Amino acid sequence: MRGRLFLAAILALFAAPLAAQDRLPPAPYAYQQLADPAKEAKAKALMETLRCLVCQGQSIADSDAPLAGDMRHEVRTKIAAGESPDAIRKWLVARYGNWVSYDPPFDGATALLWLAPLLFLAVGLWLAFGRLRGGGGEES
Amino acid sequence: MRSRWVLFAPLAIMALLFGAFIYRLSVPPRTLIESQWIDKPMPLFDLPPATEGVAGLKSSDLADGKPRLVNVFASWCIPCRAEAPQLEALHAAGVPIDGIAIRDRPDDVAAFLRENGNPFDRIGSDVQSSVQIALGSSGVPETFLVDGKGIIREQIQGVILQDDVPRIIAKLEAMK
């Protein structure tokens, strides 16, 4: 989590300013919720875990970039048409890579990310037991 | 003796961490997101004309046996103006070029073509960036090299430079 936050903070530092001078109104479902609350909830949950392509530290749910608005429109339209959130995520990952998803799969590139907490826990336990045992030894 | 070295371990770890932080701050990572939709067929689409007098663009237009460029651009995109002379040069060399105008208006596209010339055979209007998203494209300008079967072979992100022109002509020629 810390690693990801740090990465997000760094990416935000270098995010290129967006050339947002287009004069079109936002896509219909960029800022409008779906009428069906259940579907809207699904779309919202998905949008919060998809990364904005032009503002790179934000999810498309958080971003006001025109492309993020168009992606929200895309997500809501697909959800309204009955597609599952997983299928939509896969559709986007096939185009933009795992980069677009805030829910990285477990693979070679992310193994350290997922396993580091376990690793640190093991080191912590090892240190703690070592100290407890060592402390007992000194007392006796 | 051993315990004294252990005392320095946290310091060493901090030094490593700060080293990593400073490295990444001084050498920012590449933030371009490359399309993964390469060596795959053009997604299905049928875009209306972006402006009067130039035909719209649909995916079946792109599988007519001729390798071509598909240029994703917008009239509101400043770098696209800088790219216009290179597209003109490619057009003059006989390279077919189709355009996809992102979030654009017909009169703005017309003005853009008046000012920068029109190297495009067709221009589809993608007002909700839906084709752009289906292509895995994340900005303007971007250019896709498409072979005669409508398969995307390469994505060029950003402005095509003068030095790129001969390579692009050669690559499209090789696809024939």
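**Exercise 1.** Determine whether B:Arg103 is buried or exposed, and describe its backbone.

*Solution.* Step 1: apply the criterion, in which a residue is buried if 20 or more other C-beta atoms, placed from the backbone, lie within 10 Å of its own, exposed if 12 or fewer, and partly exposed in between. Step 2: B:Arg103 has 28 other C-beta atoms within 10 Å, and therefore it is buried. Step 3: its phi is near 45 degrees, a positive value in a residue other than glycine. Step 4: B:Arg103 sits in the loop between β5 (97-102) and α3 (106-116) of chain B; helices (H or I, at least four residues) and strands (E, at least two) are DSSP runs numbered from the N terminus.

The model is predicted: local features need pLDDT of at least 70, side-chain atom pairs count only at pLDDT 80 or more, and totals for chains, interfaces and linings use all residues. Residues are numbered from 1 along each chain as its sequence is written, and chains are lettered from A and ligands numbered from 1 in the order in which they are written.

**Exercise 2.** Classify B:Asp39 as buried or exposed, and state its phi.

*Solution.* Step 1: B:Asp39 has 10 C-beta neighbours inside 10 Å, so it counts as exposed. Step 2: phi of B:Asp39 is near 60 degrees, again positive in a residue other than glycine. Step 3: the residue belongs to the loop between α1 (2-26) and β1 (40-41) of chain B.

**Exercise 3.** Locate B:Pro141 and characterise the peptide bond that joins B:Val140 to it.

*Solution.* Step 1: B:Pro141 lies in the loop between α4 (130-134) and β7 (142-146) of chain B. Step 2: the bond from B:Val140 to B:Pro141 is cis, with omega about -5 degrees.
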